[in-house]
Amino acid sequence: MSDTPPPNVWAPPPAGAPQWPAPAQGGPSPGHGGPPFGVPPLPPQPPTQTAPDGSAYHEQARNGRQQVPQRIGEFLLVAVGNLAVPLVVIAFGALAWYVLGLDFAPGDGDRILGDPLADEALALLSIATGIPVVLLAVRWCGRRPAGTVVSVMGRLRWGWLARCAAVAFPLIVLQMGGLALWSYLGDGEEAVAGDFPGWSGFVLGLVVLWALIPCQAAAEEFVFRGWLAQFFGGFLKSPWPGIVIASALFALAHGIGEWSGFALLFYSALWWGWLTVRTGGLEAVIAVHVANNMTAYAVTVALGQLAESGNAADAPWQALVLELVAAPAYCLLIARLAGTHGVRRVSGKAPADPADSANPTDPTSPTVPPGPANPTDPAGRPTSA
């Protein structure tokens, strides 16, 4: 037997000896969680994700982030927000009116403030809050860029909006002029009777209302032609279920009036929903909505009828007859202009065009961004396809 004692396995290692097991170079230190040695960590997920290239306007919510909880949260945020936020705005407006010691409207009507212009302005401002509500819902719950509600380019195409407005305003003026002439021929001077408020009152009314109408009209388009169509387009291939449901809700949101008014609103909304998908954005329908409301309010203020003004839900049957021609005329003309100016209909690489135009593409066939004619590898050598 050897006289050498066995090694003491419980003794600490000598000074300078490596610890066991030694971590691999670049690996995590002992006692800390992390991926296995040699496996790189996953890159952080971006906060937002767009739909794949070639997606039509109503498909912009298909970004891979739309699970059931996110859909429910987005729906609740838009629905509750568009009910609660306008009430908060109206409440603060009424409180400020009370603090100023001004008179309120009689309790037997729909108005709150005693001054018709201020009351109408408060109503328009409360509706305009739909824009931030929709944008926040899309960004927070939909996890996609908020600008995808506006167009497939992810932003408002100002050049295209101006072109649409140049068509919409003359057409709306012609349509309302025809309605006024029709009413005059049928009912005489009573149809256009009113009390002009004077030039100061007329100009003040136009300045206040015209400053708010673009936001109010755009908010309605964000909700009905924009978010609702994309919400249903997130899980339905065809855009028409979303367009039809949004059109019915758009008509109901104006209240229950004449049957002709409801039919007019529903019919117009169907055409506008189609035009939104056809042009890949809300610009065309925002333009015609703003033109319609600005012209209607100008006539109402000029006749001194702001206190008893209604809305499109009370439109007579003559207005419906004119709309049967005006709505398709505008939409088909704008669709043709969109093709002429190359307005993008599907998402993809943004065009380098100051006029906000791109080659038109069929939304049913995805596009592939153009690449270089002779692709090369990182070293500069040509590669084969």
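Here is a walk through the structure, from the overall fold down to a few individual residues.

This is a predicted model, so local features were taken only at pLDDT of at least 70 and side-chain atom pairs only at pLDDT 80 or more, while totals for chains, interfaces and linings use all residues. Residues are numbered from 1 along each chain as its sequence is written, and side-chain values use heavy atoms, with hydrogens and water left out.

Let's start with the fold. The protein has nine helices and zero strands, where helices (H or I, at least four residues) and strands (E, at least two) are DSSP runs numbered from the N terminus. Along the sequence that reads α-α-α-α-α-α-α-α-α. Of the 385 residues, 37% count as buried; buried means under 20% relative accessible area, exposed means over 50%, and partly exposed is in between (1.4 Å probe, protein chains only). Look at contacts (heavy atoms within 4.5 Å) between residues at least 6 apart in sequence, and 75% of them join residues at least 24 apart. The protein exposes about 21600 Å², with carbon and sulfur atoms supplying 68% of it; these areas come from the Shrake-Rupley method with a 1.4 Å probe, and for residues only the protein chains shown count as cover.

Now for the aromatics. The structure holds 14 aromatic pairs. Rings of Phe, Tyr and Trp (its six-membered ring) pair if their centres lie within 6.5 Å, and planes under 30 degrees apart count as stacked, over 60 as edge-to-face and the rest as tilted. Take Phe75 and Phe231: their ring centres are 5.9 Å apart and their planes sit at 40 degrees, so this pair is tilted. Phe75 lies in helix 1 and Phe231 in helix 5 (residues 199–233), so the pair ties together parts that are 156 residues apart in sequence. Phe75 is partly exposed at 39% relative accessibility, whereas Phe231 is buried at 12%. Phe231 also pairs with Phe235, this time edge-to-face, at 6.1 Å centre to centre and 90 degrees between the planes. Phe235 is partly exposed, at 44%.

Ile112 sits in the loop between helix 1 (68–99) and helix 2 (116–128) and is partly exposed, at 32%.

Helix 2 itself carries Glu120, which is buried at 11% relative accessibility. The side chains of Glu120 and Tyr297 are joined by a polar contact of 2.5 Å. (A polar contact is a pair of N or O atoms within 3.5 Å; within protein, one must be able to donate a hydrogen and the other to accept it, and residues adjacent in sequence count only if both atoms are side-chain atoms.)

Arg143, between helix 3 (130–140) and helix 4 (158–187), has a positive phi of about 50 degrees although it is not a glycine. Ala313, in the loop between helix 8 (283–302) and helix 9 (317–340), is buried at 3%. Not counting residues up to four places away in sequence, Ala313 touches residues including His254, Gly257 and Phe262.
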